[in-house]
Structure formats: C-alpha cells, structure tokens
Amino acid sequence: MKNLWYKVKYAFLTTLALVLVFVVAGCNIKIPKENFDNFTNNIFKTIIGNDEFTSNFLFNDPTAFGLERYESSLPTPGKTQALGVLIINLYFGQVKNFDYDELNEDQQMTYDVIVDLLDNINAKTSEMSYLSNNYLGSYLGYQAQLPLLLVEYHFKDKLDVDNYFKYLDLVPETFKKYVDFEIEKADNGYGMPDFVIDKVVEQCVNFIGKASEEDHFMIKVVNDKIDKLEFLSEEEKETYKELNKEKVKGPLIEGYAYVRDHLPLLKGKATNNMGLAHYYTTNEDTNEKINIGQKYYELSFQKAVGYNISVEEAIAYVESKLNTYTKELETFRKLAKDDSTFLTRVSETKFMSQTPEEQLALYQRIIYSDFPTLNLENDLNVEIKYIDKAMEENFSPAAYMTSPIDEFKNEYIYLNNKSILIDQEDSEGNVTKVYDYNYLFTTLAHEGYPGHLYQNVYFKNKQTNVLRKVLKSSGYMEGWATYVENYMYNFLEGFDQDIIDYYLFQENYQAAIYSRLDMGIHYNGWTLEETYDYLSKYYNVTLESTKSIYERLIEVPNNCQYYYFTYFKLCDMYDKVKTALGNKFDPVEYHKRILDCGPLPLRFVEKRVLASYGL
C-alpha cells in the first residue's frame with residue numbers, strides 16, 4: 001500500500017479536464033460547502049481505487065461504501081513520477097477551494113488530513129523514493145508481513161477464496177519487482193546495506209525451511225478456515241484445501257526463494273552503511289552538493305510525529321527531556337544507596353500473574369474510571385493468537401490486527417512467544433519457559449485496552465467522514481498506545497510507589513535515549529563509534545550490543561519516533577491540561593476529547609484539545 005498514492009485509475013484521469021478549469025481559472029474560486037462531503041467521498045474511492053487486497057481488510061462489505069470488486073494485485077514499488085504528483089495535486093488540491101471556516105468540525109478535520117497529505121507529497125523529491133525500504137526488510141518489510149496478512153485474509157465469499165490463491169500466484173513476480181527495485185536503487189547510489197540484505201535473506205530462509213512441512217501454519221490455518229465456510233460444498237472444500245498446499249509449496253515459496261537467491265547479488269554495492277545523513281545528491285543546475293538523506297529524514301520525521309518542526313528543534317526538545325530523566329536517575333541511585341533492598345525488590349516485582357487472556361479481560365473491566373466507555377451494540381469478542389514458529393524470528397513482539405471499519409464484533413491480537421517468554425532456572429538448574437509478566441503488562445495495554453484495539457473500536461463506532469477512517473496518522477496511533485501503556489501504571493494497587501515510579505522512569509529514560517539516537521544517526525550522521533560513545537554515557541554497553549541497536553535504527557528510520565516522540569507530546573498535553581484545571585480535571589473527559597479527534601496528525605489534535613479547554 002506504500003505506493004497507493006501513485007496508482008492513478010483511468011477513471012481518475014477523466015476528471016482532469018474539470019480540475020484544470022479550476023486551476024486555470026484561478027485558485028480563489030470557492031466551492032460551496034455543500035459539495036464537501038461528495039468531494040471527500042470521491043477522494044475516498046480514488047484512494048482505495050482498485051486495491052482489492054486493502055479493501056478486504058478495511059471492509060466487511062465494500063459495496064456498502066460504494067466500492068466495486070477488482071482483480072487481485074499486490075503492492076509494488078517504483079520511483080515517484082512527476083505526472084502522478086501533478087494529478088494528485090490537481091484533484092486533491094481542490095480541497096483548498098473550500099472555505100475552511102464554513103465547514104463543520106468533522107469536515108475541518110478531514111480538510112486538515114487531506115492538506116497534510118498533499119504537503120507531505122509535495123515536499124519530497126522523486127529521488128527520495130530510493131530512500132524508502134518498506135518492501136524488503138528484516139521485520140517490517142512487506143515480505144516479512146505477507147504470510148500473516150494472507151492467513152488473515154477474509155473469506156467472506158467465494159471470490160475472496162479465489163483471490164487468495166491469485167495472491168499466492170502473484171508472489172513470484174511481485175517479489176521479483178522488489179528485487180529489481182533494489183537493483184535500481186543500488187545503481188543510483190542508494191543500495192541496501194549488506195547487513196540488511198543478510199537479515200532479509202535469513203527471514204526468507206527461515207520461512208522456506210518451514211514451508212515444506214505438512215503442518216505448516218499457512219496450510220493448517222487456511223485449510224481450517226476453508227473447512228468452516230458454509231458457502232462451499234464439501235467437494236469444493238477438498239479441492240481448495242489441496243490447492244492451498246500446492247500454492248504454498250509452489251509459487252509462494254518460489255517468491256521467497258527468488259529473494260533468497262538474488263538479493264545477495266547486491267552485497268557490496270551499497271554506497272552507505274550508515275544513517276540517512278550520509279546520502280548526498282547534486283543539483284544539476286548549480287552543481288551544488290545537497291544532503292538529500294538529511295532532508296528526507298526531516299520530512300519523514302515530521303510526517304511520523306505529526307508536527308511541522310525542524311529536527312534541530314526536536315533534538316533540543318528530546319534533550320530537555322533527557323536532562324530531566326538524568327536528574328531522576330540520580331534520585332533513584334540515592335534511593336538504592338540508602339535502601340540496599342530496593343534493586344532486589346525491583347527485580348522481584350511482577351505487575352501481573354495471570355495469563356495474557358485473563359489480563360486483557362481485566363483491562364476491559366477497569367479502564368473506564370479514566371477512559372470513556374465503548375458504546376457497542378454487540379459484545380466484543382477479543383481473541384489472542386500466537387505467531388507461528390516459522391515467523392517468530394522475524395516478526396514484531398506483538399501486533400493488533402486492525403479490524404474492518406464495519407466489523408463490530410471480533411477483534412484479534414497477536415503475540416510472539418519469542419518475545420513474551422523468558423527462561424527461568426530452578427534451584428536444580430532446570431530451565432523452563434515462563435511469561436515475562438512485566439513486559440506483558442504494558443504490551444497488552446499497548447495492543448489491547450486502552451491501546452490500539454480500544455482506540456480503533458472507539459473511533460470506528462463514531463459517526464465521522466469515512467475518509468478519516470482510512471487516512472490515519474500512525475504517529476497518533478502509536479503515540480496513543482505508548483501513552484496508555486505507561487498510563488496503566490496508575491491502575492496498580494498494592495505495590496510500592498517507588499518501584500512503580502522506577503519502572504515508569506525506565507520507560508521514559510529509554511524512550512528519550514532512543515529518540516535521540518535515531519536523530520543522531522540519521523540527521524547528525526553518527527557513526528557506530530559515535531553512537532557507542534553516546535550510548536555509553538547512559539548504559540553499560542559493548543560495541544557489539546551497540547552495533548545491533550545501530551543497525552536496527554538504520555534499517556527503519558523514524559520507526560521509534562512514531563512511539564516515543566509522540567508519547568512525550570501526549571504527556572506534555574496531559575500535564576498542561578491537568579495543571580490548568582487542577583481539581584476540576586476529569587481524565588475520562590480529557591481522553592474522550594483526544595479519542596473524538598481520531599487519528600489526526602498530533603499537531604491538529606493538540607490544537608483542538610487545548611482550545612476546547614481555553615488553553
């Protein structure tokens with residue numbers, strides 16, 4: 001879906017003549033506000049376009065939203081074309097012909113989303129397309145996510161089942177395009193670093209190794225789904241199940257094998273194995289050398305966090321946070337010195353003792369003292385699933401599988417046993433796997449209640465422009481989930497407050513350090529040695545452990561900013577409102593105002609929430 005904005009439907013081109021009338025006649029021609037909803041609905045249809053794969057995940061019934069069914073296709077990369085950007089501006093840019101002050105609040109927020117999107121597209125140059133690595137990556141790459149997406153593909157009718165098999169058939173040619181684009185990037189001086197190539201290949205090898213097994217999760221899970229489809233005859237079910245085995249072991253594995261065999265041919269072609277700040281280009285007119293990587297990082301940073309501030313300003317902001325937390329560290333060091341049992345009590349503290357399912361059910365009951373209730377017509381069925389072993393090495397620790405916007409009953413969270421289980425040794429030296437309870441305590445809040453699942457369910461039950469349910473700011477969503485996972489420390493009872501404070505301090509301290517590291521590597525251009533020197537000021541690290549952190553941050557620039565920088569901004573807003581209102585502060589009402597805004601870029605949320613309190 002990353003190239004969604006550059007797919008232009010033929011029908012879209014037929015509007016060009018009409019749009020040009022507005023552009024040629026003058027930018028000040030105003031469109032009546034009564035046309036706004038129709039305009040945004042057309043944009044909504046254009047955005048979803050003929051993307052059947054995305055439509056399957058977004059909607060239970062796409063036809064109810066005026067969408068048609070299309071042929072199967074998978075997203076492919078490419079360099080941004082000037083014509084595509086021009087057409088987007090000509091069509092989407094009409095939004096600026098509406099009088100903002102005449103629109104209602106929901107329309108104004110939709111307006112903000114569209115303009116923010118346009119501004120981000122226009123700020124990036126075509127060459128910056130080569131700086132994105134969203135298709136092949138060790139854990140966030142499309143090839144790493146695809147197996148789970150295919151397993152979760154919704155079988156609502158026979159066409160969906162047939163499309164699933166078409167997607168499997170498309171994998172070889174799609175993955176070849178991914179490799180071809182990496183070749184193009186390398187030929188233009190933007191080759192993938194060798195260590196990223198090694199990790200991608202490792203992920204492919206791991207997946208291929210498991211796929212030959214009869215009980216492979218894609219065979220088992222999908223065949224179980226097929227067995228439960230009431231619209232299929234028994235004969236059709238058997239045919240589809242055999243076809244699934246054939247396709248998983250055939251074209252699907254063929255695609256992964258292609259990446260495994262051909263991506264390593266690019267090793268040694270990378271011009272840069274460090275952060276984005278080490279990418280330069282030359283202005284053809286002036287022959288001036290331009291730090292394109294640094295500029296790209298700043299634009300991507302602004303999109304990630306939802307604030308139009310410079311990275312220099314962001315660095316100063318994060319360093320001020322870090323100075324505060326460094327002073328807190330001294331307080332805890334003094335506490336540990338004065339109380340010899342403190343660190344032992346910290347290490348022995350477990351904030352939960354239940355299964356993940358039981359803890360999530362607890363969160364569902366207790367959060368409403370501080371968060372608005374979900375007004376649902378049906379009881380919500382939340383199921384926790386576990387990542388198959390074939391994907392554990394190259395998958396996130398946990399994930400909320402975003403439900404369709406017209407699904408109001410079933411929700412799913414995935415946990416990775418490799419991340420939530422730790423070794424525990426008994427007195428006789430026997431090692432068993434046990435839950436990492438403190439990690440689960442915050443992770444379940446982040447993915448479930450009152451995190452991603454809760455926020456998504458709350459907003460999709462809200463009557464609002466459907467475009468805002470499709471164009472969602474990741475910075476808002478991850479910032480909210482990180483904010484509430486730490487907010488859950490407020491619900492703990494029966495624990496020493498100094499221990500709770502210490503755990504929250506550790507979360508804040510790490511967040512500030514990682515946020516600054518990301519900016520240091522990609523904006524300041526820190527080398528591995530400089531990163532080690534910086535990290536050594538705060539932690540007892542080795543060069544080898546620093547290298548692991550360094551490489552992960554290089555692979556996915558700004559990923560940590562979605563979580564940490566946005567978290568700090570949400571905490572600031574909370575403190576400001578609470579301080580201003582004093583005893584009149586109501587956390588339920590405060591959180592409701594944030595949730596009612598929905599996943600807008602955070603600067604718009606902050607502006608509206610503070611204004612609603614007269615601040």
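Predicted model: local features only at pLDDT ≥ 70, side-chain atom pairs only at ≥ 80, totals over all residues.
User: Which residues does Asn-163 touch, and where does Asn-163 sit?
Analyst: Contact means heavy atoms within 4.5 Å. Leaving out residues up to four places away in sequence, Asn-163 touches Glu-52, Arg-69, Tyr-70, Ser-72 and Tyr-153. Helices (H or I, at least four residues) and strands (E, at least two) are DSSP runs, numbered from the N terminus. On that count, the place of Asn-163 is in helix 8.

User: What is the volume of the largest cavity?
Analyst: On a 1 Å grid over the protein atoms alone, a cavity is a set of points where a 1.4 Å probe fits but cannot get out, while a pocket is an open set with protein on both sides within 12 Å along at least five of seven lines; lining residues have an atom within 4 Å of a point. Points are joined across faces, edges and corners, and a volume is the space filled by probe spheres set on them. Five cavities of 30 Å³ or more turn up. The volume of the largest cavity is about 210 Å³.

User: Which helices each supply at least two residues of the lining of the largest cavity?
Analyst: There are 20 lining residues, and the closest to the centre of the largest cavity are Leu-131, Asn-133, Pro-193, Tyr-279 and Ile-554. The helices with at least two lining residues each are helix 8 and helix 23.

User: Which element gives the most to the lining of the second largest pocket?
Analyst: The second largest pocket holds about 870 Å³ of space. Its lining has 32 residues, and Val-151, Glu-152, Lys-225, Lys-385 and Tyr-412 are the closest to the centre. At least two lining residues each come from helix 7 (142-151), helix 10 (217-227), strand 3 (381-386) and strand 5 (410-415). With five residues, the top contributor is helix 10.

User: How many of the 10 residues of helix 7 are buried?
Analyst: The buried residues of helix 7 include Tyr-142, Pro-147 and Val-151. Helix 7 is largely enclosed by the rest of the structure, because the number of its residues that are buried is eight.

User: How many residues are in the largest nonpolar core?
Analyst: A nonpolar core is a set of buried Ala, Val, Leu, Ile, Met, Phe, Trp, Tyr and Cys residues joined through side-chain atoms within 4.5 Å. In the largest one, Tyr-164, Met-218, Tyr-449 and Tyr-590 have the most contacts inside the core. Beyond its neighbours within four places in sequence, Tyr-449 is in contact with residues including Leu-360, Ile-367 and Tyr-454. The residue count of the largest core is 187.

User: What is the form of the peptide bond from Tyr-449 to Pro-450?
Analyst: Pro-450 lies in the loop between helix 18 and helix 19. Most peptide bonds are trans. With omega near 0°, the bond from Tyr-449 to Pro-450 is cis.

User: How many residues of helix 19 are buried?
Analyst: The cover over the buried residues of helix 19 includes strand 3, strand 5, helix 18 and helix 25. Helix 19 spans residues 452-460 and is mostly covered; of its nine residues, the buried ones number nine.

User: How many disulfides does the structure hold?
Analyst: A disulfide is a pair of cysteine sulfur atoms within 2.5 Å. The total in this structure is zero.

User: How far from Cys-597 is the nearest cysteine sulfur?
Analyst: Cys-597 counts as buried, at 6% relative accessibility. Cys-597 is in no disulfide, and the nearest cysteine sulfur, that of Cys-571, lies at 17 Å.

How values were computed: Residues numbered from 1 in each chain as written. Heavy atoms only, no water. Buried < 20%, exposed > 50% of the residue type's maximum accessible area, 1.4 Å probe, protein only.
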